[in-house]
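Q: I would like to learn how to read a few features in a model. Could you take me through them step by step?

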Amino acid sequence: MDIALEMTPRQSGRVLEQAVRGRVAVVIEPRGERAGEPLHGTVDGREGNLLSVRIEQQESELPAGLIGMFCEVRMTASGQHYLFSSCVLDLSDISSPVYLLLAVPSTIHVANRRRFERYSVPTAAQVRLQPPAGSSRGPVPAPLADVRAQGNASSMSAPTDDDPLLVGENVNVSFELPGYDEHFELSGSICNRSLTPDKQLLTLGVEFAPAANTGAQQRSLERLQAALYEIMNATGTGR
């Protein structure tokens with residue numbers, strides 16, 4: 001099943017730049033009772049908040065009342081499938097070829113079949129783990145070892161006192177990825193923990209589980225997935 005992930009505005013802007021440079025093919029599916037068949041064309045240019053698309057169909061083949069219609073747009077660039085919603089703002093005055101002016105979307109979704117690999121963080125990054133409610137221990141800062149779409153791992157000095165961070169315990173985690181301005185805050189649970197042979201270093205694994213009915217956490221998870229997706233494609237890292 002395809003997973004559609006919302007990209008950040010910066011990532012969405014990069015995708016549109018790539019589409020304009022590569023004259024990427026698009027499929028436009030107008031919505032509404034008079035929508036008719038999907039329209040096929042290529043991205044021709046962008047000016048401000050307008051995206052120009054050259055349409056293969058003749059003007060006589062376009063559905064009546066197309067201007068003002070909302071539409072779904074699909075395109076493929078560099079082997080990746082992108083989706084976004086837009087609105088037809090205008091038609092060109094030239095009868096052939098026909099150019100549609102679409103509203104530039106605020107966000108774009110990427111649809112991808114593969115699962116996300118683990119990203120080993122190459123530079124110093126910190127994760128902050130908040131123990132469960134009622135614990136006498138405050139937030140625990142620790143170096144972020146790796147992160148994936150489903151969870152992360154961190155390493156820290158083994159605690160000498162009673163440790164509330166046990167397998168199955170619920171925690172809140174917050175962290176940033178090097179090179180990204182995004183701050184990710186998610187809830188989850190400790191899914192594994194291991195000590196080094198000398199019992200000096202503790203590694204904790206957290207499985208993300210965004211709190212139910214918490215839109216902010218779900219959006220944070222989607223942003224994380226989109227960032228990881230971009231990192232994997234740009235650097236080829238992960239394992």
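This is a predicted model: local features need pLDDT of at least 70, side-chain atom pairs count only at pLDDT 80 or more; totals for chains, interfaces and linings use all residues.

Q: Where does A64 lie?

A: A64 sits in the loop between strand 4 (50-55) and strand 5. A64 and A35 are 29 residues apart in sequence, and their C-alpha atoms are 8.2 Å apart in space.

Q: What is the relative accessible area of R23, and how should I class it?

A: The relative accessible area of R23 is 44%. Buried means under 20% and exposed means over 50%, so R23 counts as partly exposed.

Q: How many salt bridges does the structure hold?

A: The structure holds 3 salt bridges. R23 takes part in one of them, with D44, at 3.9 Å from N to O. This pair links distant parts of the chain: D44 is in strand 3 (residues 39-47), R23 is in the loop between helix 1 and strand 2, and they are 21 residues apart. D44 is partly exposed, at 28% relative accessibility.

Q: Which residue meets E29 in a salt bridge?

A: The side chain of R74 does, with an N to O distance of 2.8 Å. R74 belongs to strand 5 (residues 70-77) and E29 to strand 2, so the pair ties together parts 45 residues apart in sequence. R74 is partly exposed, with a relative accessible area of 38%, and E29 is partly exposed with 30%.

Q: With which residue does R31 form a salt bridge?

A: R31 forms a salt bridge with E72, and their closest N and O atoms are 2.1 Å apart. Here too the pair links distant parts of the chain: R31 is in the loop between strand 2 and strand 3, E72 is in strand 5, and 41 residues separate them. R31 is partly exposed at 40% relative accessible area, while E72 counts as partly exposed at 29%.

Q: Now the strands. In which sense do strand 3 and strand 4 pair, parallel or antiparallel?

A: For any pairing, look at the sense, the number of bridges and an example of facing residues. Strand 3 and strand 4 pair in the antiparallel sense, over 6 bridges. As an example, R46 has L51 in strand 4 as its bridge partner.

Q: How many residues lie between strand 3 and strand 4 in their hairpin?

A: The hairpin has 2 residues between the two strands. In its turn, G48 has a positive phi of about 60 degrees.

Q: What about strand 4 and strand 7: over how many bridges do they pair?

A: Strand 4 and strand 7 (residues 98-103) pair over 6 bridges, in the antiparallel sense. To find your place there, look for S52, which stands opposite L101 in strand 7.

Definitions and conventions
Residues are numbered from 1 along each chain as its sequence is written. Side-chain values use heavy atoms; hydrogens and water are left out. Buried means under 20% relative accessible area, exposed over 50%, partly exposed in between (1.4 Å probe, protein chains only). A salt bridge is a side-chain nitrogen of Lys or Arg within 4 Å of a carboxyl oxygen of Asp or Glu. Helices (H or I, at least four residues) and strands (E, at least two) are DSSP runs, numbered from the N terminus. Two strands pair if DSSP finds at least two bridges between them.
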